[in-house]
Amino acid sequence: IGNHVLSSGSRVGNGLTSVTAQELGLPKGIAVAASLIDAHAGGLGVIGADARGSKLPCENMPITSRLALICGTSSCHMGVTGLALTNSLDDLAKLYLATVQAIALGTRHILETMQNAGHQINTLFMCGGLSKNLLFVQMHSDISG
């Protein structure tokens, strides 16, 4: 992979090579820039959202009062124990609910840890596919306060 790190959006090399340009149907030499992982881009986008006129708790607060929850394939805190896996629909529904609740409890733990360290988080922004799941959103609201 290498060890040369660039900031997102920085120009990479001298543009698209002849071979790659031909494969992609693009002009040779077209600018190529360092990318950003989708979860990081989502985090920047929701944290930096313009909250003016939104009547959210963070409206007139510094950007540091916000926390982004990336709710997609990049969600990375969860844990479920004590459930047996069977093939019944009821057990699958219980496992799903327990998983959603475990993720929300993990989020609450992160919020509490940050607040105990002196951060003043008052707004949780969500983005990604799971942010459209009403149960996921409601569990986060109920559990994280």
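Of the 145 residues of this protein, 23% count as buried, where buried means under 20% relative accessible area, exposed over 50% and partly exposed in between (1.4 Å probe, protein chains only). The model is a predicted one, in which local features need pLDDT of at least 70 and side-chain atom pairs count only at pLDDT 80 or more, while totals for chains, interfaces and linings use all residues. Residues are numbered from 1 along each chain as its sequence is written, and side-chain values use heavy atoms, with hydrogens and water left out.

**The whole chain**

Begin with a cartoon view of the protein, which shows four helices and two strands. Helices (H or I, at least four residues) and strands (E, at least two) are DSSP runs, numbered from the N terminus. Followed from that end, the order of the elements is α-α-β-α-β-α. Next, display the surface: its accessible area is about 10100 Å², and carbon and sulfur atoms hold 59% of it. Such areas come from the Shrake-Rupley method with a 1.4 Å probe; for residues, only the protein chains shown count as cover. Among contacts with a separation of 6 or more, 55% join residues 24 or more positions apart; a contact means heavy atoms within 4.5 Å.

**Stop 1: helix α1**

Select residues 18-24, the helix α1, and pick out A21 within α1. A21 is buried, because its relative accessible area is 4%. Neighbours within four places in sequence aside, A21 is in contact with L16, L26, P27 and K28.

**Stop 2: the loop between α2 and β1**

Move on to K55, in the loop between α2 and β1. Is K55 buried or exposed? K55 is exposed, since its relative accessible area is 76%. Its phi is near 60 degrees, a positive value in a residue other than glycine.

Then select S65, which also has its place in the loop between α2 (38-47) and β1. With a relative accessible area of 1%, S65 is buried. Residues up to four places away in sequence are not counted in the list of what S65 touches: C58, Q120, I121, N122 and T123.

**Stop 3: helix α3**

Select α3: at 1.5 Å a residue, its 28 residues should span 40 Å, and its end C-alpha atoms are 40 Å apart, which agrees. The expected span is 1.5 Å times one less than the number of residues in the helix. Colour the buried residues of α3, namely A98, T99, V100, A102, I103, A104, T107 and L111. Their cover includes β1 (66-70), β2 and α4.

T107, in helix α3, is buried, with a relative accessible area of 2%. A distance drawn from T107 to L67 gives 10.0 Å, C-alpha to C-alpha, across 40 residues of sequence. Just after α3, G118 takes a positive phi of about 105 degrees.

**Stop 4: the largest pocket**

The last stop is the largest pocket, with a volume of about 310 Å³. Of its 14 lining residues, L111, N122, L124, S144 and G145 are the closest to its centre. The elements that give two or more residues to this lining are α3 (89-116), β2 (123-127) and α4 (134-144). On a 1 Å grid over the protein atoms alone, a pocket is an open set of points where a 1.4 Å probe fits, with protein on both sides within 12 Å along at least five of seven lines; lining residues have an atom within 4 Å of a point. Grid points are joined across faces, edges and corners, and a volume is the space filled by probe spheres set on the points.
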